[in-house]
Amino acid sequence: MKVYQRGNTYIAPKGSYFDGNVHIPGDFIVPPETHFWGRLDVDGCLELGPSSTVGGDVTCRSGVIGHGVRIGGSLTVGEDVTISDDVVLGSVSAVGDIILRPGVKVGGVRSEATVYVYGSISSEGLVGRNIKVIANQAQ
């Protein structure tokens, strides 16, 4: 599948399917309903669109994971990450802050900074310098 480049940013066509592992040497914008059968490694910022899937692990410098995304493995982030509503993933670890939105289902969560939990999530455990739970507020 072809990925388009504009400067240091790469963009996948909507609804694409990628066989095997994918490495992007910059920022990566992934539109909704894009599917990766293997690992996804992004050197820059990852914007993973809603209802996308990744069969293996995901690594990136920073990221925003769209609602309804499914990640079969772990998510490893060098800085901050936001995980939107109803995302399902194996585990997440980050050097920076982790934001978890309502409906997230995740194994372990580990941050060297703060873990922010908005609403109800399902997790095997939260580890961070700070854990802040913001429940039932308008977002």
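1. Buried here means under 20% relative accessible area, exposed means over 50%, and partly exposed lies in between, with a 1.4 Å probe and protein chains only. Ser51 is partly exposed because its relative accessible area is 34%. Ser51 sits in the loop between strand S8 (45-48) and strand S9 (53-54), and its phi is near 60 degrees, a positive value in a residue other than glycine.

2. The model is predicted, so that local features need pLDDT of at least 70 and side-chain atom pairs count only at pLDDT 80 or more, while totals for chains, interfaces and linings use all residues. Residues are numbered from 1 along each chain as its sequence is written, and side-chain values use heavy atoms, with hydrogens and water left out.

3. The protein has 19 strands and zero helices, where strands (E, at least two residues) and helices (H or I, at least four) are DSSP runs numbered from the N terminus. Buried residues make up 41% of its 139 residues.

4. Among contacts (heavy atoms within 4.5 Å) between residues at least 6 apart in sequence, 1% join residues at least 24 apart. The C-alpha trace spans about 40 × 25 × 25 Å along its principal axes.

5. Glu33 is another residue to check: it has a positive phi of about 55 degrees although it is not a glycine. Glu33 lies in the loop between strand S5 (27-30) and strand S6 (35-36), and it counts as partly exposed because its relative accessibility is 45%.

6. Tyr4 is placed in strand S1 (residues 4-6), and at 45% relative accessibility Tyr4 counts as partly exposed.
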